[in-house]
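I have kept to what can be computed from the coordinates.

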Amino acid sequence: MNNILVTGGAGFIGSHVIRVLLKNNPGKRVINYDKLTYAGNLENLKDVQDNENYFFVKGDICDERNVFETLNKFDIDAIVHLAAESHVDRSIEDPLVFVKTNLIGTTNLLAQAKKHWDGDFNNKRFYHVSTDEVYGSLDLDDSLFSETTPYDPRSPYSASKAGSDHLVSSFYHTYGLPIVMSNCSNNYGPNQFPEKLIPLFINNIYNKKPLPVYGKGENVRDWLYVEDHALAISKILFEGQVGQTYNIGGHNEWSNIDLIKILCDKMDAYLGREIGESQNLITFVKDRAGHDLRYAIDASKIQTNLGWVPSLQFEEGIEKTIDWYMTNREWLENVTSGEYQSYYEKMYEKK
Ligand code: NAD
Ligand code: DAU
């Protein structure tokens with residue numbers, strides 16, 4: 001596998017995946033195929049944009065011709081598919097775009113890969129990056145999600161991801177397309193769009209704005225530092241067994257309210273404020289519709305079969321994350337002002 005297409009590479013996780021692939025595989029070409037929706041930000045890849053093995057193609061995964069031409073042009077033999085609509089709250093407001101990108105886009109990508117490889121699946125890989133939300137919601141005293149937990153998605157986002165998982169699996173069983181998949185828990189770290197809990201709250205704490213906690217803040221999530229997810233993806237791409245699914249998680253469950261209090265206190269310490277000051281910003285608001293109570297991953301399969309474990313403890317991860325957002329305030333300002341959307345034009349169209 002020498003020419004790797006990463007879809008959604010300008011997003012949060014995709015940008016870390018691209019960096020890991022370029023760093024750990026000198027000589028391999030990495031092609032970033034991204035539509036640059038509101039979530040796509042080429043500033044995330046500033047540090048690699050001049051790497052001779054990195055290429056960017058602006059395109060929609062739903063576009064049959066553009067996808068096929070890109071696969072041919074770069075002689076793609078591996079696809080790491082991350083492009084998606086990814087935010088649950090947006091899926092509740094506007095489900096249709098989730099169906100278009102996550103279901104139709106994924107099916108198009110599968111169909112174009114099949115056409116491009118034309119029956120020669122030797123040393124080819126189609127890797128679908130998915131979410132633990134497909135398994136539904138756990139009670140507080142339930143055990144963990146494993147690879148054999150039945151699918152039970154509850155939001156339009158998780159239903160669209162569950163459907164895309166099934167379509168990927170169907171291309172393996174029907175046509176023998178060499179697929180692998182992973183389902184991961186909540187990621188946090190640098191470059192995450194500040195609509196998601198951790199970067200939104202870091203930004204609000206810094207600006208002394210209210211912190212909107214949904215419901216009572218009792219919902220539990222299993223948090224994983226994004227670079228650990230990117231390393232797991234790279235491992236699965238090269239060492240994972242065709243046809244298999246791997247669950248990825250941080251063994252790191254927190255109720256939202258406990259996590260938010262830690263974030264407040266760590267931000268106070270970082271900013272030299274009195275510890276406890278930012279907790280006054282916590283504001284309980286109307287709950288998210290259909291809010292899943294708990295996600296938690298049993299990651300023993302990837303640990304046993306591929307030797308992957310998260311490298312970072314949560315305390316270190318959250319401190320690194322705070323430090324990144326505070327030392328990259330320009331990134332945060334460009335995203336919140338919308339300035340980031342002109343980066344492609346400035347860097348690519350005028351070249
Ligand atoms: P993100 O929203 O930050 O980035 C998504 C990227 O996909 C953006 O660059 C966007 O421009 C691109 N994109 C969207 N629609 C497209 C289309 N039609 N054609 C081409 N590109 C398009 O998402 P993320 O948080 O980095 O998540 C990446 C993947 O990982 C998603 O598939 C998501 O379901 C999955 N995932 C995310 C998490 C998490 O905690 N963020 C956890 C598990 C799995
Ligand atoms: O589990 C993996 C999933 O994690 C990914 O598949 C999704 O792409 C990703 O967005 C994430 O989904 P969540 O809905 O869990 O993440 P979010 O950051 O939106 O919310 C985390 C928790 O915090 C959730 O219980 C809702 C709550 N929340 C969120 C926001 C944005 C609040 O209480 N207030 C908020 O303002």
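1. Basis of the note. This is a predicted model, in which local features need pLDDT of at least 70 and side-chain atom pairs count only at pLDDT 80 or more, whereas totals for chains, interfaces and linings use all residues. Residues are numbered from 1 along each chain as its sequence is written, chains are lettered from A and ligands numbered from 1 in the order in which they are written, and side-chain values use heavy atoms, with hydrogens and water left out.

2. A nitrogen atom of ligand 1 is 2.9 Å from a side-chain N or O atom of Asp60, while oxygen atoms of the ligand lie 3.0 Å from a backbone N or O atom of Thr37 and 3.5 Å from a polar backbone atom of Leu36. Taken alone ligand 1 exposes 840 Å², and the protein buries 97% of that, accessible areas being from the Shrake-Rupley method with a 1.4 Å probe.

3. Ligand 2. Of the 24 residues around ligand 2, Thr131, Asp132, Tyr157, Arg288 and His291 come nearest, and the shell divides into 10 nonpolar, 8 polar and 6 charged residues. Oxygen atoms of ligand 2 lie 2.7 Å from a backbone N or O atom of Ser86, 2.8 Å from a side-chain N or O atom of Asn186 and 2.7 Å from a polar side-chain atom of His291. On its own ligand 2 has 690 Å² of accessible area, of which the protein covers 94%.

4. Salt bridges. A search of the whole structure finds 13 salt bridges, each a side-chain nitrogen of Lys or Arg within 4 Å of a carboxyl oxygen of Asp or Glu. Glu69 pairs with Arg65 at 3.0 Å between the closest N and O atoms, and both lie in helix H2, 4 residues apart, about one turn of the helix. Lys124 and Asp120 meet at 3.8 Å, N to O; Lys124 counts as buried at 13% relative accessibility, whereas Asp120 is partly exposed at 43% (buried means under 20%, exposed over 50%, partly exposed in between). Arg90, Glu195 and Lys196 are linked in a network of salt bridges.

5. Surface patch. Leu96, Val99 and Ile104 form a nonpolar surface patch with about 260 Å² of accessible area together; the residues of such a patch have over 30% relative accessible area and no salt bridge, with nonpolar side chains joined within 5 Å. Val99 lies in helix H4 (residues 95–117).

6. Backbone angles. Asp75, which is not a glycine, has a positive phi of about 50°, and Asn191 likewise has a positive phi, near 75°. Asn191 is buried, with a relative accessible area of 7%.

Notes. A polar contact is a pair of N or O atoms within 3.5 Å; within protein, one must be able to donate a hydrogen and the other to accept it, and residues adjacent in sequence count only if both atoms are side-chain atoms. Patches are made of residues with over 30% relative accessible area and no salt bridge: like charges are joined within 9 Å, nonpolar side chains (Val, Leu, Ile, Met, Phe, Trp, Tyr) within 5 Å. Helices (H or I, at least four residues) and strands (E, at least two) are DSSP runs, numbered from the N terminus. A residue is near a molecule or strand if one of its heavy atoms lies within 4 Å of it. Ala, Val, Leu, Ile, Met, Phe, Trp, Tyr, Cys and Pro count as nonpolar, Asp, Glu, Lys and Arg as charged, and the others, Gly among them, as polar. Buried means under 20% relative accessible area, exposed over 50%, partly exposed in between (1.4 Å probe, protein chains only).
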